[in-house]
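Open the model in your viewer and keep the selection tool ready. This tour goes stop by stop.

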Amino acid sequence: MNAPGTTRGQVIIVGAGIVGIGAAHALLDDGWQVTLLERHLPARGASYGNAGAFAVSDIIPLSSPGIIRQVPGWLLDPCGPLAVRWRHLPTLAPWLWRFVRAGHPARVRTLTRAMAALLGRVDADYAPLIAAAGLTPMWRRRGALTLYPSLRARDADAAAWRSRRSFGIRCIEVAGKELAQLEPGLSAPWHQAVRVPAWSHVDDPYRFATGLHAAALARGARSVQATVDRIDHEHGRVRGVVLDDGQRIAADAVVIAAGIDSDRFTRQLGLRVPLESERGYHVTLPQAGIELNHFLQPAGEGFVILPMGDGAIRLAGTVELASRDAPENWARAGVLIDKARRILPPFSTDGMSQWMGNRPSLPDTLPIIGAAPGVDRLLFATGHGHLGLTLAATTGRLLADLLAGRDSGIDLAPYAPTRF
């Protein structure tokens with residue numbers, strides 16, 4: 001960090017979602033004067049409706065050995081846990097091919113190590129930020145339960161749990177009466193589970209993100225609603241950005257954290273970044289009428305159950321691959337309710353709301369956190385998929401280290417924007 005009263009200069013962050021907000025705090029810590037540019041309202045994209053989790057045990061990439069055999073099922077079931085819309089298959093095919101290749105056993109091991117390096121420091125990076133922003137009461141450090149309908153189903157995931165344990169993640173098998181004490185009311189046959197004590201979540205991810213945004217403004221950051229047209233750079237050095245109305249805003253450094261729209265800027269530099277929308281859905285039940293103690297993940301169902309503040313619950317998840325501009329398939333939201341009824345005690349859907357968001361996803365599951373080639377002080381932070389909230393603070397710290405020329409203690413090569 002800089003000495004008090006000193007600054008490193010002006011930095012523009014393009015994107016005021018949770019990743020951009022996390023970067024803002026880390027750069028403020030380092031003495032930068034920060035401006036957030038967002039064409040929508042802050043945190044109204046994927047940051048608005050996610051599952052609110054700090055998913056510290058999600059070290060294993062989404063692709064896996066033999067996953068190519070599942071692709072026909074994704075095409076045939078539009079409401080399945082992972083679905084691909086037929087009409088978008090031609091444009092998605094290159095992404096899907098890279099996704100399948102990421103499931104090679106040796107590649108899975110490499111990607112798992114890279115993800116574990118990031119997720120292993122999430123709590124340490126977030127804790128001071130959350131405390132300083134006064135958001136500690138929202139941070140629920142109760143752990144998560146991955147639920148299974150049978151012992152056989154739990155045993156089928158044994159290799160994945162061994163992998164997590166090898167990276168120091170505590171994973172505790174619970175069942176029967178012990179599980180009932182932890183989470184009363186679960187329906188049969190969901191009486192086998194694995195508990196991850198280090199997993200945590202926030203009561204409401206949108207209020208959390210806007211709370212961090214307000215805290216950044218209180219520290220001196222500026223937030224401007226504007227659409228960035230292009231990056232302004234010359235002779236290998238970033239000069240700022242150009243808005244859609246032609247206005248130029250000068251800066252000493254620029255961070256692109258624009259979520260699903262970040263590929264507009266990678267294309268300007270000639271970078272081939274296979275960024276696609278991992279479209280997620282949620283249903284929020286403000287008057288559910290049930291009390292949950294843990295974040296719940298029913299194995300194989302493709303969704304999670306989030307206990308929110310004021311007695312609400314959120315059913316969130318699924319992966320739908322389609323154009324980022326494709327119309328919503330609200331039948332997927334209805335499936336979430338049907339699935340939840342097989343797991344939870346009777347609940348009310350009165351006042352429920354539905355949402356769909358475009359999570360920026362890369363085929364190897366790893367985010368992009370790194371410097372643009374050939375343009376000094378231009379950084380990218382995107383492609384976090386369903387781990388945007390989880391990795392926001394850590395991403396911010398790594399970006400600050402990059403701009404300062406500090407050793408972050410992590411090999412950043414696996415997250416480079418040039419890796420494709």
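Which elements do the buried residues of α4 pack against? They pack against α5 (122-132), α7 (158-166), β20 (368-371) and α12. Helices (H or I, at least four residues) and strands (E, at least two) are DSSP runs, numbered from the N terminus.

Before going on: this is a predicted model, where local features need pLDDT of at least 70, side-chain atom pairs count only at pLDDT 80 or more, and totals for chains, interfaces and linings use all residues. Residues are numbered from 1 along each chain as its sequence is written, and side-chain values use heavy atoms, leaving out hydrogens and water.

**Stop 1: α4.** Select residues 105-119. Helix α4 has 15 residues. Its buried residues include Val108, Leu111 and Met115. Buried means under 20% relative accessible area, exposed over 50%, partly exposed in between (1.4 Å probe, protein chains only).

**Stop 2: α1 and α12.** Select residues 18-29 for α1 and 388-404 for α12. The two helices pack at an angle of about 40°, with axes 7 Å apart. Axes are lines fitted to C-alpha atoms, for helices over the stretch in contact, and angles run from 0 to 180 degrees between N-to-C directions. Among the residues making the contact are Ile18 and Ala23 of α1, and Leu389 and Arg397 of α12. Contact means heavy atoms within 4.5 Å.

**Stop 3: Trp355.** Find Trp355 in strand β19 (residues 353-361). Is Trp355 buried or exposed? Trp355 counts as buried because its relative accessibility is 12%. Now show Gly280: it is 75 residues from Trp355 in sequence, yet 8.3 Å away in space, C-alpha to C-alpha. Leaving aside neighbours within four places in sequence, the contacts of Trp355 include Tyr48, His282 and Trp330.

Terms used. Expected span 1.5 Å × (residues − 1).
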